Amino acid sequence: MNLRIEAAISSKNFKPEPSFEYVKNISTPITGISIFNFSKAAAGVQDAAQMSKVVFPIFLRGHPQAISQFHERNINNIKSAILTKAHRQSSNRIRRAFGTSPIAGSSNDVITGSLSGAKDLTSLLPPASSGAGRNARGAKLLVSGPDAAGIVASFSQLLYRHGCGIVDCASESSQRDDDDKGVTPSSGRKFFQRILFDHGGLSAERKVVEREVDALCATFGVKSKVCWGDRRRKVAIFVSKYDHCLWELLLRHRAGELHCDIVAVVSNHEDLRPVAETFDVPYHVYPITRETKSGQEVSQLDLLRSHGVDLVVLARYMQILSAAFCAEYRNRIINIHHSFLPAFVGSRPYHQAHERGVKLIGATAHYATLDLDQGPIIEQDITRVGHRDDVSDLIRKGRTLEKNVLVSAVRAHLDERVIVDEHKCIVFSE
């Protein structure tokens, strides 16, 4: 069977056709270019073996000067989307795929790439990037505490005095929440600030700047964190059997959208080893039973310490972490779950939601705490559903939300855009 993708070059904004569901989100217009239409020439491929024989024609019309730019920025996204469909059909065997020839020539050329031999999936992905935009390159200063006059100017002037250039500065001031009894409002306002700065012209040692920042914090009674941005954080992903979040994280990381090093995938099952091996990420299995849970968690923590892991991502990891684990990685464990909680707890939440006729489904990414699924929320999203949707539709739409929300939360954490304020998160925009 042939899978055909037509891409027309246009200066108008991209409007995807909903019929081609699994690639309709590829809508990144660049100069003079938009992916205009997707269509299926047949019912679709059935497994990885057929994927290796797929003919992949791309029709390019108009704006010939932009063809190479189109190919460079979009073709890998198209491949990744198609591979995601193939993976859903044969998750344990997707180790072979197809490739395309470089696009060149006139505006009316038709370039068809067809490979009958096997290719490793990693060869179809863009090379790993060292950064993810300006957030990855600059240093960050985060400040939080009681609001006061002159606080914004003071920190900015401190950095300027030492030769740092302010790239971006965002601050928030909000009324304090009521106290625990809900009777007397707390006095004053809370202040949150994130400064992105270039330290290329730094005229003093970093320790000097950090000491002066600490002194200024003592003056205003606030807390701060300085991240110089020249060390890539190390991330470990915990999974069980659901694979959609793992695929998304690894693909986005390979595309350079996550400024980190993924050093390990940890699981209590063998099922997702082929996914990790596709991206050359070490896969560690710790089978867990009620009797072995505590001992295996000690081993998992030893593994994380040996790799110097900074962030743990629970990509649908179906185990509850202990108090010791949560304490060691406080505000450094990101979890993802559907947003039915606490309305539909337990197993088969989408089935429960379907029975109740819900109109909205969603996903929530939050920092893991001892209170199950109650940690500070980093990111959320929803989509509308209706009576025409069956359980499989709810599951499919829910998984799309879950993987996208999880990636957004991980990016926000890695970009130092999150300040945890008691039970909630202040998240600065990109």
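Strands, as the term is used here, are DSSP runs of E of at least two residues, numbered from the N terminus. The coordinates belong to a predicted model.

In overall terms, the protein contains eleven helices and 15 strands. Of its 430 residues, 47% count as buried. Among the contacts with a separation of 6 or more, 69% are accounted for by residues 24 or more positions apart.

Seven of the strands form an open sheet with mixed pairing, in the order S9-S8-S7-S10-S11-S12-S13. The edges are taken by strand S9 (283-285) and strand S13 (377-384); each has a single partner strand, so one side of each is left without a neighbour in the sheet. On average, and with direction ignored, neighbouring strands of this sheet are turned by 20° against each other. Within the sheet, strand S10 (residues 311-314) pairs with strand S11 (residues 333-338) in the parallel sense, over three bridges. In this pairing Val313 stands opposite Ile334 of S11. Helix H8 (residues 293-307) packs on the sheet, where it touches strand S7 (233-239), strand S8 (260-267), S9 and S10. The direction of H8 makes about 155° with that of S7.

The C-alpha atoms of Ile262 and Ala236 are separated by 5.9 Å, although the two residues are 26 residues apart along the chain. With neighbours within four places in sequence left aside, Ile262 is in contact with Val235, Ile237, Leu249, Leu250, His253 and Val281.

Several of these partners lead to helix H6. This helix (residues 244-254) is mostly covered, with ten of its eleven residues buried. Leu249, Leu250 and His253 are among the buried residues of H6, as are Trp247, Glu248 and Arg254. After H6 comes Gly256, which has a positive phi near 85°.

H6 also meets helix H11. The axes of H6 and H11 come within 9 Å and cross at roughly 45°. That angle makes H6 oblique to H11, and the crossing is right-handed. On the side of H6 the contact is made by His244, Cys245, Glu248, Leu249 and Arg252, and on the side of H11 by Arg399, Glu402, Lys403, Asn404, Leu406, Val407 and Val410. By class, the contact of H6 with H11 has five nonpolar, two polar and five charged residues.

A further contact of H11 is with helix H10. The axes of helix H10 (residues 349-356) and helix H11 (residues 391-414) come within 9 Å and cross at roughly 125°. H10 and H11 are therefore oblique to each other; their crossing is right-handed. Tyr350, His351, Ala353 and His354 of H10 make this contact with Val391, Leu394, Ile395, Gly398, Arg399 and Glu402 of H11. The residues of the contact of H10 with H11 comprise five nonpolar, three polar and two charged by class. Arg399 and Glu402 of H11 take part in the contact with H10 and also in that with H6.

Another helix pair is formed by H4 and H5. The axes of helix H4 (residues 151-161) and helix H5 (residues 206-220) come within 11 Å and cross at roughly 165°. An angle over 145 degrees counts as roughly antiparallel, and H4 and H5 are therefore roughly antiparallel to each other. Their crossing is right-handed. Ile151, Ser154, Phe155, Leu158, Leu159 and Arg161 in H4 meet Val209, Glu212, Val213, Leu216, Cys217 and Phe220 in H5. The residues of this contact divide into nine nonpolar, one polar and two charged.

The account ends with a hairpin. Strand S14 (residues 418-421) and strand S15 (residues 424-427) pair in the antiparallel sense over four bridges, and Val420 stands opposite Cys425 in S15. Two residues lie between the strands of this hairpin, in which Glu422 takes a positive phi near 55°.

Note on methods: Residues numbered from 1 in each chain as written. Predicted model: local features only at pLDDT ≥ 70, side-chain atom pairs only at ≥ 80, totals over all residues. Heavy atoms only, no water. Pairing = 2+ DSSP bridges. Axes fitted to C-alpha atoms, helices over the stretch in contact; angles between N-to-C directions. Contact = heavy atoms within 4.5 Å. Parallel < 35°, antiparallel > 145°, perpendicular 65-115°, else oblique. Left-handed = near helix turned anticlockwise from the far one by under 90°. Nonpolar A, V, L, I, M, F, W, Y, C, P; charged D, E, K, R; others polar. Buried < 20%, exposed > 50% of the residue type's maximum accessible area, 1.4 Å probe, protein only.
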